[in-house]
Amino acid sequence: MEIPGTTAATEPGSSMSPLPELATSTPSNTFPPRPQPKPSATDAPKSSTTPAETVAATDTADAQPLNATETPKIATNFPDDSFYFCSCDLRSEMCDLNCCCDRDCPTETRQVFSCLKVLAPPQLLSRLEDFQYNHGLPTCQINDGWLCVFRSNTKPAKMKPLIENFDASQYQKWPDPLAAYETEDTVAQASSSLYKLGEPLQLWHPDIKQWTTFDLPMAYESAQCQLKQPMRHLQPMVSHCLMRDQTHLQESVWALLNLTASHQLLPKPRDLEEQVVEALSIQICQKLDSGGMLCPEPGNDTQWDLPVESLELQLLHNFTNILEAKLLIKEAAAEYDDMEALWLHFAVTFSTANESLAKPSSGPLGYLAGAPVILSRLLPQNTSEDRQLLSYFHAGNDRQDYHWLPLFSRKPRSSNCQRKLDEEQVLRFGVDLAKQCLLQQAAPSPALQENANHTEFCQSLQAEIWKKLLPHNCSSLEEMNQVFVSQLGRPQPDRWIPIQLHFEERAHDMPPPVQGFYDEVQQSLSCRNMFLSVSYEFHVADLALFAGRVPHQRVLQHARVVLGQRHDLEFDGSEQLVELPLGVSAMFYNLEKSRPNQGPTVLAHRIIMATMMLLLWLSL
């Protein structure tokens, strides 16, 4: 900015910038008053200088540091390298395009630039933006009026001193990926009467009186298992190995079976001072599709020539010692395509003797993210006066007492529906999903079509559909009144809520009953008012429980199941097999987040459901 050599008179109503007024010699009538520079005692007119030079010198030396609201001017030449800051200078010793304050750019280069906005140093930039944008009160540089900030008294930000000797031992770190594959000198370890957490398990060879570690094939940076990793106490393991062919798979299975036949598992680490070694024999069992197991009598060794899908070592323990060991072999499916990849799955699981008596839990108090949602049913009452009890707290500890919401899955190499009562295919807290599958059902015989009860057939078909979509042991909508969901991950007797039923066409009423009709002319069977999809909706909140002493607990506040569209299905009388597309979805809504507009949300939901059903019909 160039200042004229003489001071111009201030006209009424004019607005002046703060910096020129600091150098004026006449009083100013603007408000707020600008501080006048104090003359130095050592200043004396040594040479004849023009007023313009005096004004420029005062502007550069005194006014610029005092006025924090003025963006500092960065000179084009840089005689002093002690302080240099250019916000667009991103490369050292190279000229940055369109950066006029870059000292690496020659003077002639800047003539072709349309200069980028120069930012102030960080300590000044924070003070400027704080007034200009955050507080809503403009600076006098932007709006020189009656209400503006003339000078900022904000203290500069304190810079934390640099830590010369930084110690990262107290911080979390990534584990060493190769630590598990390193060989350890287990002989040098001190003998102990119990296994410690993470200590390798030991095998004992009774014929040669030697012991070794129990290793499991493991893959590293490849799908083929070329390494071995020792099994460690109370640390479950999973390994997936890609096989070259069926011969390679059988060799891997026989290698593990021969190892378990010739060795025994030590229930505790080997003590060199003990003369008699007590070891456990590993029992070989077949894992059934129903979840059970078939174990032959001891001594009846069976050679497994059938294709194997997985090998699971189940270890029963009391935390200090191993009590029992079983190797479960699961047979592969009968149908096998030579073009598909062949895998062999290994697993090591640990369980306690009384683990089957424990009730399922999904968190210390509230739900953990990804933990299964816990359900329970009301027990039947002998009389109307009996108090209603939940099966979670009062039912017997048998396998039929299932406290999760199972989800159907597709069978391997097909789209057919299947539902397993295990912990893998269940609804998990906070996990939104949408799944589809095909339900296959035998059609009634054509010879019985005319005299058959068509409504009964349609009702039985709808019951099979409900078994795939609703909670366990629910084959009708009326049974949903007996199902409750736990609000907490660790269930409490007084923190259960019902799953409400919602039908959009009749919000406060049950849907119309299923009906069946047979058309003799078209020879077709029609099932009306059929449902093929449901949607589970859960409202969650982050609450502080126990009078605020346990904050940030995820709690279920509301649960409901929304029925999909009603369908009128028509089947050809000559069909022997009926295939129906099924769909289930689940959504978790946070009550603390802002709710979107209801109209677009409902429209988007209907579009998604319609698209999903269209894709399912096209897949038939």
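The legends below describe close-up views of a predicted model.

**View 1. The open sheet of 6 strands.** The strands of this open sheet follow the order β5-β11-β9-β10-β7-β8, and their pairing is mixed. At the edges stand β5 (237–243) and β8 (293–294), each of which pairs on one side only. Strands of a sheet pair through backbone hydrogen bonds, and the pairing is either parallel or antiparallel. Strand β9 (residues 308–317) and strand β10 (residues 322–331) show the antiparallel sense, with 9 bridges between them. Within this pair, Val308 stands opposite Glu331 in β10.

View 2. Helix α5 comprises residues 246–262, which makes 17 residues. Its end C-alpha atoms are 24 Å apart, and this agrees with the span of 24 Å that follows from 1.5 Å a residue. The buried residues of α5 are His248, Leu249, Gln250, Ser252, Val253, Leu256, Leu257 and Thr260. The cover over these buried residues includes β5, β7 (283–287), β9, β10 and β11 (342–352).

View 3. The structure holds 4 salt bridges. One of them joins the side chains of Glu312 and Lys287, with a distance of 3.1 Å from N to O. This pair links distant parts of the chain, since Glu312 belongs to strand β9 and Lys287 to strand β7, 25 residues apart. Is Glu312 buried or exposed? Glu312 is buried, because its relative accessible area is 14% and buried means under 20%. Lys287, at 28% relative accessibility, counts as partly exposed. Another salt bridge connects Lys268 with Glu274, whose closest N and O atoms are 3.1 Å apart. Lys268 is partly exposed, with a relative accessible area of 30%, and Glu274 likewise counts as partly exposed at 30%.

View 4. Helix α7 (residues 454–469) contains 16 residues. From its first C-alpha to its last it reaches 23 Å, close to the 22 Å expected at 1.5 Å a residue. Buried residues of α7 include His454, Phe457, Cys458, Leu461 and Trp466. Which residue forms a salt bridge with Glu464? The partner is Lys467, and the closest N and O atoms of the two are 3.6 Å apart. Both residues lie in α7 and are 3 residues apart, about one turn of the helix. Glu464 counts as partly exposed at 24% relative accessibility, and Lys467 is partly exposed with a relative accessible area of 41%.

**View 5. Strand β22 and its two partners.** Strand β21 (residues 533–545) and β22 pair in the antiparallel sense over 11 bridges. Gln500 has Arg560 in β22 as its bridge partner.

**View 6. A nonpolar patch on the surface.** Ile163, Phe166 and Tyr171 form this patch, and together they have about 390 Å² of accessible area. Where does Tyr171 lie? Tyr171 is located in the loop between α4 (122–134) and β1 (202–205). Its relative accessibility is 53%, so Tyr171 counts as exposed, the cut-off for exposed being over 50%.

Note on methods: Residues are numbered from 1 along each chain as its sequence is written. This is a predicted model: local features need pLDDT of at least 70, side-chain atom pairs count only at pLDDT 80 or more; totals for chains, interfaces and linings use all residues. Side-chain values use heavy atoms; hydrogens and water are left out. Helices (H or I, at least four residues) and strands (E, at least two) are DSSP runs, numbered from the N terminus. The expected span of a helix is 1.5 Å times one less than its number of residues. Buried means under 20% relative accessible area, exposed over 50%, partly exposed in between (1.4 Å probe, protein chains only). Two strands pair if DSSP finds at least two bridges between them. Patches are made of residues with over 30% relative accessible area and no salt bridge: like charges are joined within 9 Å, nonpolar side chains (Val, Leu, Ile, Met, Phe, Trp, Tyr) within 5 Å. Accessible areas come from the Shrake-Rupley method with a 1.4 Å probe; for residues, only the protein chains shown count as cover. Contact means heavy atoms within 4.5 Å.
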